[in-house]
Amino acid sequence: TTNHMIVDKVWISDVSKSVNGDAKISELKSVISERAMAILVQGIFVNTGSEVVKGDDGKRTILGTPTEAALLEFGLTVERDRYTEYNKIQRVRVEPFNSVKKKMSVIIQLPNGGFRSFCKGAPEIILEHCNDMLNGEGDIVPLSDMQKQNVLNIINSFASEALRTLCIAFQDLDEFSDEQTIPENGYTLIALFGIKDPVRPGVRDAVMTCMAAGITVRMVTGDNINTAKAIAKECGILTEDGIAIEGHELHDKSSDELRELLPKIQVMARSLPMDKFKLVTSLKSMYQEVVAVTGDGTNDAPALCESDIGLAMGIAGTEVAKENADVIIMDDNFKTIVNVARWGRAVYLNIQKFVQFQLTVNIVALIVNFVSACVIGICTLSTSMIFLI
């Protein structure tokens, strides 16, 4: 993908709106109360891994991961004036994003007393921690089973449009001590985001080229399985005879089941670092495949190190990923991998042809010398001439 994400759709208080434009954001604000929007924007500004910085030229830019930057950019579009105010709020406890828990959390101390906890992450996980939801007036109402199912349907509809889904929830606390941990349950659902990350031009053609060259392309991601399937179909990775699974399903399989399943796996979603590692080791040990892995994060380091060829992203890649990789892709483009394979095969074939030529010429020269020595008693080619040939 282009690695430049934008918030394309938002679901809040039973209202689902497209927000890819100032006019549509104004329309969203007109149907949602100020209190509900204030809580939403506060959750975006205080529970983020991104920040707004001012450059030497006076322009403001957002630093952080593409997902975090997309949410922060949306928050600034909705309520830019409140960023400074909310950014000054004291953060009592911060829990960065965890690839196992699939969420990040923070506890802040409210100016008027009390504490508030925000959590943000994979929708199906955050939804399990919620007992209530925020309605259009900004009031907290119970989250029924029917309402939960409705939210799950919204998640699936966003994912089927190749949107990456993210959920945000909050919980008010009367008190919080240093010995306490951030609450895991009892949250109030605020909103669901659908984040668009367009596929780079030419990726589908590059995937087709790889497949024609005998290279099987598999997609391993932490995204929702429906999002992963939609993107994989768009790229031409997921075909009719292929299957898509979630990472935890890989660990539940026996060796025999895994041996039968591996060739069919084309997409693995909601994967943990060790899921990618197990996929690599299984392909190498069970099928003696030559495995190449691409990655950009610290979590990809085990798979990059274990693979036969590790390719790290030069722009978005972390230093840990680059150190564990064999090749660094400077433009972060999948099309470049095709060039890597093409040049690698060209070098291999040229070396093969050179060795074949040398062996052929030298064997013929030795046979001619041997026959001439036996027949006429004279070597027609000297040793130095043979090696020169």
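Analyst: Domain bounds here come from an automatic or database domain assignment. The model is a predicted one, in which local features need pLDDT of at least 70 and side-chain atom pairs count only at pLDDT 80 or more, while totals for chains, interfaces and linings use all residues. Residues are numbered from 1 along each chain as its sequence is written, and side-chain values use heavy atoms, with hydrogens and water left out.

User: How far apart do the C-alpha centres of domain 2 and domain 3 lie?

Analyst: The assignment divides the protein chain into domain 1 (6-196), domain 2 (203-340) and domain 3 (349-388). Between the C-alpha centres of domain 2 and domain 3, the distance is 47 Å.

User: Is Glu68 buried or exposed?

Analyst: Glu68 sits in helix H3 (residues 66-79), helices being DSSP runs of H or I with at least four residues and strands runs of E with at least two, numbered from the N terminus. Buried means under 20% relative accessible area, exposed over 50%, and partly exposed in between, with a 1.4 Å probe and protein chains only. Because its relative accessibility is 10%, Glu68 counts as buried.

User: Which backbone nitrogen does the side chain of Glu68 reach?

Analyst: With contact taken as heavy atoms within 4.5 Å, and neighbours within four places in sequence left aside, Glu68 touches Asn47, Thr48, Gly49, Ser50, Met104 and Lys120. A polar contact is a pair of N or O atoms within 3.5 Å; within protein, one must be able to donate a hydrogen and the other to accept it, and residues adjacent in sequence count only if both atoms are side-chain atoms. At 3.0 Å, the side chain of Glu68 reaches the backbone nitrogen of Gly49.

User: Which residue in S17 stands opposite Met313?

Analyst: Two strands pair if DSSP finds at least two bridges between them, and 3 strands form an open sheet with parallel pairing in the order S15-S16-S17. Its edge strands, each pairing on one side only, are S15 (292-295) and S17 (327-329). Strand S16 (residues 309-313) pairs with S17 in the parallel sense over 3 bridges, and the residue of S17 opposite Met313 is Ile329.

User: Why is one side of S12 and of S13 left without a neighbour in the sheet?

Analyst: Another open sheet of 3 strands, again with parallel pairing, runs in the order S12-S14-S13. S12 pairs with strand S14 (residues 265-269) in the parallel sense over 2 bridges, and Val220 stands opposite Met268 in S14. One side of each is left without a neighbour because strand S12 (219-220) and strand S13 (243-246) stand at the edges, each with a single partner strand.

User: What is the phi of Asp14?

Analyst: Most residues other than glycine have a negative phi. Asp14 lies in the loop between strand S1 (6-12) and strand S2 (15-18), and at 44% relative accessibility it counts as partly exposed. Its phi is positive, near 65 degrees.

User: How many disulfides are there?

Analyst: A disulfide is counted as a pair of cysteine sulfur atoms within 2.5 Å. Cys235 is buried at a relative accessible area of 8%, and its sulfur is 12 Å from the closest cysteine sulfur, in Cys210, which is too far for a bond. By this rule the number of disulfides is 0.
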